[in-house]
Amino acid sequence: MAVNWNREDNIAIIWIDNPPVNAMSHSVRERLSLALNEVNADTGIEASIIACRGKTFVAGADVKEFGKPPLAPFLNDLVQLIEDSAKPVIAAIHGKALGGGFEIALAAHGRIAAPDAQFGLPEVKLGIIPGAGGTQRLPRLIGVAAAIDMIATGKSISAPHARNLGLIDIVSQNELIADALAFARTLIHSEPRRTGQLPIAKFDEQTAELQILAVEQKARGQISPGEAARMVLRGANVPIEQGLKLERDKFLELVGSEQAVALRHVFVAERLAAKFDELADILPRPIQSVGIAGAGLMGAGIAVTFADADYDVTVVERDTLSIDEGQKRVDAIYERAVKSGRISNAIKEERLTRISFHSDLNAFTKCDLVIEAVFDDLGVKRELFTCLASIVRPDTILATNTSYLDPDAIASVVPDPSRFIGLHFFSPANMMRLVEVVKTKEIAPDVLATGLAVAKRLGKLGIVSGVCEGFIGNRLFTAYREQCDFMLEDGALPHEIDNAVEAYGFPMGPYAVTDLAGLDISWARRKRDADKRDPALRYVPIADRLCEAGRFGQKSGSGYYIYDGGRKLVDPIVTALIEAISSEKGIIRRPFEPDEIIARIIAGIVTEADKILSEGISLRPSDIDLVLINGYGYPAWCGGPMFRTGRAK
Ligand code: 3H9
């Protein structure tokens with residue numbers, strides 16, 4: 001039974017029980033509606049509590065029903081039924097109250113939550129806006145500015161924060177349902193406080209407009225955040241009934257939009273990514289103590305990531321000077337988080353206590369997992385792992401963070417390579433969501449399962465990749481960059497490609513990114529690998545020529561662009577250099593429209609992706625989309641190249 005209710009004296013407790021996340025599917029809506037009507041009609045009941053079984057409150061409407069014809073009773077009607085109830089209704093929230101779940105709570109006449117409960121309206125991440133009153137009721141509780149912020153970002157907030165904002169009435173300190181019953185008793189015989197009837201706190205229209213503009217700009221072409229933000233403001237200027245109607249119409253319009261369909265693909269793909277038949281019955285190893293060898297840029301970011309997820313972190317560097325520099329890097333990451341308001345100073349201090357620094361590899365003896373993040377050189381890494389294997393426990397998992405080296409070649413020095421895995425973090429490791437979980441040749445199934453479980457606990461998206469140069473991500477990125485370089489020779493200019501890519505939704509175009517990252521490191525690699533290059537393959541020498549001219553990107557003041565103070569300018573010297581290279585090769589340059597630029601990029605990526613799939617390096621087309629979205633800034637609302645070309649559905 002998805003919904004049932006029981007009575008505690010004169011109070012009804014309506015239980016929603018729809019595992020795994022109590023989504024509001026059609027049968028739940030039907031039964032909840034029935035229960036509410038029964039409770040309302042029962043003269044012995046004077047108040048009711050809506051609560052959930054399982055690990056969470058309602059996590060939203062049932063996403064699987066989107067795209068199908070909606071079936072009554074609709075969630076918005078149900079929510080109205082709650083608000084209109086003559087007897088007080090209380091929401092008792094544990095876990096997450098998201099989307100439609102949060103909207104149920106908003107319509108209740110009182111809200112009590114467990115201390116670890118979270119609240120959010122993540123609809124924009126699905127390409128839609130809240131459709132059951134979220135944009136209309138939330139501002140009545142917390143004001144227009146805070147409501148726009150929550151709805152447009154889709155971010156969740158904690159119970160104490162929600163209490164401070166006035167979003168909930170009580171943070172339960174004891175047993176949630178007992179506290180909810182006590183709360184309900186205080187509301188009996190008083191007129192229910194209907195959120196929809198509350199006035200909206202005074203706000204400044206112009207400030208709200210500016211806030212919406214900022215949301216639209218940040219969305220880079222994604223429609224839903226701006227629409228959601230605008231709906232808050234529109235609703236604030238009309239009666240609630242009209243606001244609810246406007247919201248519902250916009251919800252129905254967006255739910256069938258291309259962007260929403262693409263984002264639903266991403267939603268499903270993310271949940272699929274960690275599922276493998278071969279791992280179905282495999283338990284991951286318990287991991288609590290994590291060692292990190294190297295505290296450079298990657299090592300420091302990885303250390304912070306693990307400390308943030310409550311692991312005990314042991315960092316080893318070769319000497320006191322390197323330890324000191326590593327500590328400074330870790331400190332700087334936390335300092336930036338404090339400055340941006342993401343964490344408090346107290347949290348920073350607490351997290352720092354979870355990271356210890358040492359100069360002796362023996363510090364890793366207690367670790368369940370050791371990740372190396374040292375210089376990307378096969379000899380250096382093999383030497384390190386030879387040493388590590390003789391120090392750590394036989395069941396300790398050993399991981400490399402290499403981006404280009406062959407993990408199997410590193411694993412071969414470990415006596416038991418079944419415990420060897422690749423965990424390829426992206427830079428900056430504490431910010432980037434993607435981790436490639438590299439399936440080495442002899443890996444034990446529980447080691448692979450552990451890699452995925454660790455990525456999940458870190459709040460990251462683990463994508464399994466087989467072994468090949470660059471794994472999935474960098475191999476696809478190389479194909480993407482190659483297409484861009486071909487277009488430069490064929491007639492496009494760096495700013496034309498960057499503009500097209502940015503208009504499509506990437507945060508930065510490829511040449512702006514290269515200038516930011518610097519051209520010198522990849523130049524050194526190209527020179528090193530020059531002998532191995534297949535002369536039959538098309539080679540674009542533009543980047544080499546820029547480096548030969550001392551143009552290493554922003555750090556040297558010029559690269560694909562020239563930099564004047566902070567401003568990036570098109571440089572006629574670069575244009576001339578590119579045109580000269582085309583002419584040397586006998587290429588007659590032609591103009592490129594933005595659509596063609598994007599089509600060429602997607603074609604280049606999917607050609608390589610097809611190879612990656614046929615080689616078994618990636619196991620699913622949808623994983624390819626996730627890698628590009630989470631590691632390289634591909635706009636999620638476009639679904640990914642495999643989705644765009646019908647390879648992933
Ligand atoms: C909405 O509410 C619109 C309304 O405003 C208006 C309507 C009119 N539906 O993520 P997990 C499944 S829009 C159906 O691995 P976790 C998921 O597919 C909705 N199924 O667990 C998976 O199934 P399977 C707004 C859902 O513990 C299983 O649950 N809400 C839904 O890591 C476990 O999922 C959201 O966007 C759903 N809404 O995280 C919330 N949600 O095992 C989206 C999950 O078969 N959900 N499933 O693969 C989440 O953020 C996370 O699932 C949650 C749990 C944090 C709840």
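I count a residue as buried when its relative accessible area is under 20%. I am working on a predicted model.

**Cysteines**

I started with Cys-484. Its relative accessibility is 0%, so I noted Cys-484 as buried. I then looked up Cys-468. Its relative accessible area is 14%, so Cys-468 is buried as well.

Next I asked how many disulfides there are. The count is 0. A disulfide needs two cysteine sulfur atoms within 2.5 Å. The nearest cysteine sulfur to Cys-484 is that of Cys-638, at 15 Å, and Cys-484 is in no disulfide.

**Strand S2**

I moved on to strand S2, residues 11-16. How many of its residues are buried? I found 6 of 6. I looked at each face in turn. Ile-11, Ile-13 and Trp-15 sit on one side, and Ala-12, Ile-14 and Ile-16 on the other. Both faces are covered.

**Neighbours of S2**

Which way does S1 run against S2? Strand S1, residues 3-8, is antiparallel to S2, and 6 bridges join the two. S1 and S2 make a hairpin, with 2 residues between them. In the turn, I noted a positive phi of about 55° at Asp-9.

I then turned to strand S3, residues 47-52. S3 runs parallel to S2, again with 6 bridges. Here Ile-14 stands opposite Ile-50. Last, I followed the chain through helix H1, residues 26-41. S2, H1 and S3 form a β-α-β unit, and it is right-handed.

Terms used:
Residues are numbered from 1 along each chain as its sequence is written. This is a predicted model: local features need pLDDT of at least 70, side-chain atom pairs count only at pLDDT 80 or more; totals for chains, interfaces and linings use all residues. Side-chain values use heavy atoms; hydrogens and water are left out. Buried means under 20% relative accessible area, exposed over 50%, partly exposed in between (1.4 Å probe, protein chains only). Helices (H or I, at least four residues) and strands (E, at least two) are DSSP runs, numbered from the N terminus. Two strands pair if DSSP finds at least two bridges between them. A crossover is right-handed if, with the strands pointing away from the viewer, the path from the first strand over the helix to the second runs clockwise.
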